[in-house]
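Please open the model in a viewer and keep the sequence panel beside it. The stops below may be selected one after another.

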Amino acid sequence: MVLRSMYLQAAWNYEGLQTLGFAYVMFSVARRLTSRKSVSREFSARHTTLFNTNPILSSYIIGATAKLEEEHEAGQRSAADIEVLKSSLAVPLAAIGDRFFWATLRPFSGVLGILIAGSFGLLGAVTLLVLYNLFHLYYRVKGVIRGYSLGAGVVGEIPKLGLMKLSQAVGWLGAVALGVLVIGAGYAWVIGWRREALFLFPLIAVATGLLPESFQKRITEVAIAVGAAGLVLTAVGVLG
Amino acid sequence: MGMARDILLLCLAGGVCALDSTAVWQLMLSQPLVSSTIAGLVLGAPEVGIFVGIVLQLVWSGAVPVGARPMPDAPVGSLSGVWFAATLLETNGFASPSFCYLLGVISALCIALVGRHTILIEREISRKLFRGFIRRASAGEKAFPERVVAAAVAIAFARGFILCLLALVALALIARLLARNPAFSARDYGLTLLIIEALGAGVLFSVFVRRSRTRVLAFAGGLVWAFLVMNLSQR
């Protein structure tokens with residue numbers, strides 16, 4: 001189940017979101033339960049309804065749903081219980097997981113990776129991978145195990161995840177690391193280039209950070225425009 | 001032969017990283033610092049990979065892939081950008097490394113933007129696969145999600161591989177054109193690279209600092225600490 005959960009977004013699309021990936025995991029559960037190659041029409045209908053959550057924390061839903069399917073097969077649960085569990089867990093886990101993994105841990109791993117790459121080269125990429133996957137793989141595996149062992153009781157597990165507090169702590173560390181990076185980058189340029197960089201780098205960084213989010217969402221286009229303008233202006237001798 | 005081997009390896013890495021970015025694993029092999037470092041190692045120029053990777057990681061670290069928002073194809077952009085920078089650095093006549101690095105970064109950004117459109121095409125194909133699966137399942141026919149997932153994985157890999165191949169071919173042609181007129185490459189393009197890096201750091205400022213006053217203090221603490229350490233270490 002853990003390995004199959006890694007394919008949750010394999011056929012991600014705007015219509016079905018993660019539905020097909022979830023069916024991919026659950027169909028294997030059904031085959032194990034019934035020892036038949038094809039799944040029942042009822043089962044198929046239950047697990048092809050719209051599904052979307054954070055892919056990493058989906059492990060809790062996958063484990064719990066597998067357990068409930070087992071109980072349903074033994075006649076201890078209704079099909080409605082399974083559908084309620086799926087839909088009630090998807091939204092809170094998406095909110096918690098997206099905030100921690102995408103909006104906090106991923107950029108923090110990036111900043112730390114950059115800081116280390118600046119001094120120790122190859123270790124920067126290794127740090128990024130190790131730091132992120134330490135949490136990523138832990139929650140992938142733990143989610144399936146806890147979800148399967150608790151079944152419907154996994155709902156009570158969500159507040160105990162501790163990811164909100166962890167987001168706060170990692171966010172604080174990220175702010176400190178960014179401060180170090182901004183000065184470090186300025187110094188690196190001072191050594192290789194000119195003294196103004198020490199002030200220019202933090203100034204541009206903070207000014208950009210205070211601009212509206214719509215500007216930051218277009219950072220790729222902005223960077224291309226700045227790069228092209230810089231290229232032309234340096235070539236003709238205005239900059240550099 | 002060496003160039004063909006490099007291109008083949010980079011295209012394979014492009015396919016794997018394209019898979020990692022959304023379709024499977026999400027181990028962060030697709031992060032620019034990682035994919036650029038991989039490209040640098042493949043090309044035997046790790047320092048080029050690390051430098052280009054740092055700049056691109058700064059630009060894209062703050063981009064959050066929440067919901068349906070299509071992201072620039074950072075891994076394929078990074079792999080191609082590193083190859084371009086390394087190729088230009090090897091070309092005789094390009095006096096300024098900053099010129100080669102800047103062109104590597106700009107090409108990576110442009111290819112990533114083109115890649116975003118190919119991601120939309122991939123999602124449309126996935127939607128058709130999904131519809132076919134649902135139609136069979138709801139009609140009571142035998143439906144195998146494994147086959148659809150395998151097809152989707154193959155498409156994601158092929159997208160990364162082909163995009164990387166096309167990008168590298170286009171960049172090889174541009175490198176040839178540039179080599180004919182290397183005179184303007186003698187200048188120092190470092191200021192532009194610095195501004196691009198600072199813009200990326202600005203997006204991270206928005207992610208980590210902007211929404212919380214207490215985090216402004218943490219950021220300021222980091223600034224002061226780094227300033228003192230750097231000053232002391234320079235003396």
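This is a predicted model: local features need pLDDT of at least 70, side-chain atom pairs count only at pLDDT 80 or more; totals for chains, interfaces and linings use all residues.

Begin by selecting B:Gly44, which comes after helix 2 of chain B and has a positive phi near 70 degrees.

Next, select residues 32–42 of chain B, the span of helix 2. Of the 11 residues in this helix, 8 are buried. Which residues of helix 2 of chain B are buried? They are B:Pro32, B:Leu33, B:Val34, B:Ser35, B:Ser36, B:Thr37, B:Ala39 and B:Gly40.

Now display what covers them. From chain B itself, the cover includes helix 1 (2–23), helix 3 (46–60) and helix 4 (74–90). Chain A contributes as well, with helix 5 (79–120) and helix 6 (123–150) among the covering elements.

Move back along chain B to the loop between helix 1 and helix 2, and select B:Trp25. B:Trp25 is not a glycine, yet its phi is positive, near 65 degrees. Is B:Trp25 buried or partly exposed? Its relative accessible area is 26%, so B:Trp25 counts as partly exposed, the limit for buried being under 20%.

A second residue of this kind lies in chain A. Select A:Leu17, in the loop that links helix 1 (2–5) and helix 2 (19–34) of that chain. Phi of A:Leu17 is likewise positive in a residue other than glycine, with a value near 50 degrees. A:Leu17 has a relative accessible area of 19% and is therefore buried.

Select the contacting residues: 98 come from chain B and 98 from chain A. The chains bury about 8600 Å² between them, and carbon and sulfur atoms account for 74% of that area. Across this interface 5 salt bridges are found. For one of them, show the side chains of B:Arg127 and A:Glu15, which meet at 3.0 Å, N to O.

Of the 235 residues of chain B, 57% count as buried. The chain exposes about 9600 Å², of which 67% comes from carbon and sulfur atoms. Where contacts in chain B join residues at least 6 apart in sequence, 74% of them link residues at least 24 apart. To end, colour chain B by charge: the mean positions of its 20 positive and 11 negative charges are 9 Å apart.

Methods. Residues are numbered from 1 along each chain as its sequence is written. Chains are lettered from A and ligands numbered from 1 in the order in which they are written. Side-chain values use heavy atoms; hydrogens and water are left out. Buried means under 20% relative accessible area, exposed over 50%, partly exposed in between (1.4 Å probe, protein chains only). Contact means heavy atoms within 4.5 Å. Accessible areas come from the Shrake-Rupley method with a 1.4 Å probe; for residues, only the protein chains shown count as cover. Lys and Arg count as positive and Asp and Glu as negative; His and the chain ends are not counted. The place of a charge is taken as NZ of Lys, CZ of Arg, CG of Asp or CD of Glu. Buried area is the accessible area (1.4 Å probe) that two parts lose on being put together, summed over both. A salt bridge is a side-chain nitrogen of Lys or Arg within 4 Å of a carboxyl oxygen of Asp or Glu. Helices (H or I, at least four residues) and strands (E, at least two) are DSSP runs, numbered from the N terminus.
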